[in-house]
Amino acid sequence: MNALRPLRTPAELVEAGLVAPDELAGIERVAERYAVAVSPAMAALIDRSDPNDPIARQFVPDAAELTTTPEERADPIGDLAHSPVEGIVHRYPDRVLLKAVHVCPVYCRFCFRREMVGPQGLGTLSTEAMDKAFAYIAAHPQIWEVILTGGDPLVLSPRRLAEIMQRLSAIDHVKIVRFHTRVPVVEPERVDEALIAALKASGKTAYVALHANHPRELTPEARAACARLVDSGIVMISQSVLLKGVNDDPDTLAALMRAFVETRIKPYYLHHPDLAPGTSHFRLSIEEGRALVASLRGRISGLCQPTYILDIPGGHGKAVIGPDALRDNGSGCMVTDFRGGEHAYPPSE
Ligand code: SF4
């Protein structure tokens, strides 16, 4: 086995000590349905002595994925309902997703696009589809921001990324280019000078939204990769998914948000898990999520506070789901402080 390439088959996972031999048959059934890849950096980070390791839980397939519940759906956030041309999702007026590639360096077991990514997924946009996607962006002057997602856009070669960026540079109304990626964490060695130059090749303001869910993912190598990005002038923000068994306790969540801020990454979104097929073992209730997010208030710096978000199923977009500090008591407002105490506003005296 080559430790420098991702583990992609159940047999490789068994050989690496990440799956018990007697679980192989169940995992093979999962792998027939959903893509599998564990990058070398993530395989090395997994504590094989911990049956509940939060890194393993994110990347190593589990037979629980074979259970699909009635509320789950193949396209949980409704990308397809807002896709005017292949590769583009235009859900909000001033921004579009550009999904150039449906390949990832790892395949997250809770992925909301798990029916679209991977070797049996939607692949990479053809030259013709790419031409149509750019024509769409150019024809819509309200598009201020282009968000490259997928898949993970940073799996593209620097040459390919630079080509995309050069095409965006020619569209004057696009001012911001954002990349959603897991690469700085799961393949930090990929973040080199050539990649960074490619990300900046549009001349637009570049943002990188890093997807990470557990503080252990912010290894020294990952932090160094992020430092290279930030030092180059790229702004970094975070996105995380609230996941049962990974980060659903106040200490882990606080440590994750602090790790981002220490790495010069502003916590941005904490997503409630989507209704992706075979992911019910990751989901917690919205009430549980709100209590966890409330626990961060006061406990950690304001710099560390993410916005708790639900993607409304069906493609209706994101909604902030609290927790709320304000309630109307009929004659005025009551504001809750970080200890849970309520205060009238304005005060009665
Ligand atoms: S990196 Fe993103 S798109 Fe790829 S499997 Fe993970 S969550 Fe899904």
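Colleague: What is the volume of the second largest pocket, and which helices give two or more residues to its lining?

Modeller: This is a predicted model. The second largest pocket has a volume of about 480 Å³. Its lining has 22 residues, with Leu-18, Pro-51, Ala-56, Val-60 and Asp-62 nearest the centre. The elements giving two or more residues are helix H2 (24-33) and helix H4 (54-59).

Colleague: How do the residues lining the largest pocket divide by class?

Modeller: The largest pocket holds about 800 Å³ of space. Of its 40 lining residues, the closest to the centre are Phe-112, Arg-113, Thr-149, His-180 and Gln-239. By class, the lining splits into 21 nonpolar, 10 polar and nine charged.

Colleague: Which charged or nonpolar classes line the largest cavity, and how many residues of each?

Modeller: The search finds one cavity of 30 Å³ or more. Its volume is about 40 Å³. Tyr-34, Ala-35, Tyr-107, Cys-108, Arg-109, Cys-111, Arg-114 and Val-117 line this cavity. That lining counts no polar residues, six nonpolar and two charged.

Colleague: Why do the buried residues of H5 sit on the same side?

Modeller: In H5, Ala-129, Met-130, Ala-133, Phe-134, Tyr-136 and Ile-137 are buried. An α-helix has 3.6 residues a turn, so residues three or four places apart point the same way.

Colleague: Which exposed residues does the opposite face of H5 carry?

Modeller: Strands E1, E2 and E3 and helix H6 are among what covers the buried residues of H5. The face turned away from that buried side carries the exposed Thr-127, Glu-128, Lys-132 and Ala-139.

Terms used: Residues are numbered from 1 along each chain as its sequence is written. This is a predicted model: local features need pLDDT of at least 70, side-chain atom pairs count only at pLDDT 80 or more; totals for chains, interfaces and linings use all residues. Side-chain values use heavy atoms; hydrogens and water are left out. Buried means under 20% relative accessible area, exposed over 50%, partly exposed in between (1.4 Å probe, protein chains only). Helices (H or I, at least four residues) and strands (E, at least two) are DSSP runs, numbered from the N terminus. Contact means heavy atoms within 4.5 Å. On a 1 Å grid over the protein atoms alone, a cavity is a set of points where a 1.4 Å probe fits but cannot get out, and a pocket is an open set with protein on both sides within 12 Å along at least five of seven lines; lining residues have an atom within 4 Å of a point. Grid points are joined across faces, edges and corners, and a volume is the space filled by probe spheres set on the points. Ala, Val, Leu, Ile, Met, Phe, Trp, Tyr, Cys and Pro count as nonpolar, Asp, Glu, Lys and Arg as charged, and the others, Gly among them, as polar.
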